[in-house]
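I opened this model to look up a few contacts and helices. My notes follow.

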Amino acid sequence: MNSYLRGYEKILGRLIKKSFPRLKDKKIYLKEKDAPWRAHVSYFPWGLRILMSYKLRGLPKKITKRVLIHELCHLEIFLKWGVIRTNLNFIIYLFSKPYRKDLEREANMLMIKKGYGKLALDARKDNLKRGIDYPLSEKEIKGYIKENNKR
Ligand SMILES: [Zn+2]
């Protein structure tokens, strides 16, 4: 395991302990890949996997952490679905842009629910700068943060 992966694993361990108790005893494989996207998640019968793009190596730790939180939200949703449904959904994901947007919305809403609303706002800004859509509007994010704080 190289120093980048060791760094990601350290952040991952802390995040799971703090905010993702359901992922605590799950096997999560952390790997790197040369890819145009930043990170990608899968659910195999033998465990969960997060692929990190080499692109993340040059980015600030703050961004790595935010990316990992988002990916952990996907993984928690995957566990709720189970391995078969997750992989069926992935097929739909490949072919349907509106469905992709729904899944990203769900992950980002979970992120806000877990108290990372400020990071969702940062992610939105960052995406827009990079010319990438963010599935929630600024107003929606702020609304969910407010709703969350009431609970
Ligand atoms: Zn995502």
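I began with the contacts of G117. Leaving out residues up to four places away in sequence, G117 touches I112, I141, Y144, I145 and N148 (contact means C-beta atoms, placed from the backbone, within 7 Å). I note that the model is predicted: local features need pLDDT of at least 70, side-chain atom pairs count only at pLDDT 80 or more, and totals for chains, interfaces and linings use all residues. Residues are numbered from 1 along each chain as its sequence is written.

Is G117 buried or exposed? G117 is buried, with 21 other C-beta atoms within 10 Å (buried takes 20 or more, exposed 12 or fewer, partly exposed is in between).

Next I looked at the helices. G117 is found in α5 (helices are DSSP runs of H or I, at least four residues; strands are runs of E, at least two). The axes of α5 (residues 117-129) and α6 (residues 138-150) come within 10 Å and cross at roughly 175°. α5 and α6 are therefore roughly antiparallel (an angle over 145 degrees, on a scale from 0 to 180 between N-to-C directions). On the α5 side I found G117, A120, L121 and R124; they meet E138, I141, Y144, I145 and N148 in α6. The residues of this contact divide into five nonpolar, two polar and two charged (Gly counts as polar, Tyr as nonpolar).

Last, I turned to α2. G82 follows α2 and has a positive phi, near 90°.

Key
Parallel < 35°, antiparallel > 145°, perpendicular 65-115°, else oblique. Contact = placed C-beta atoms within 7 Å.
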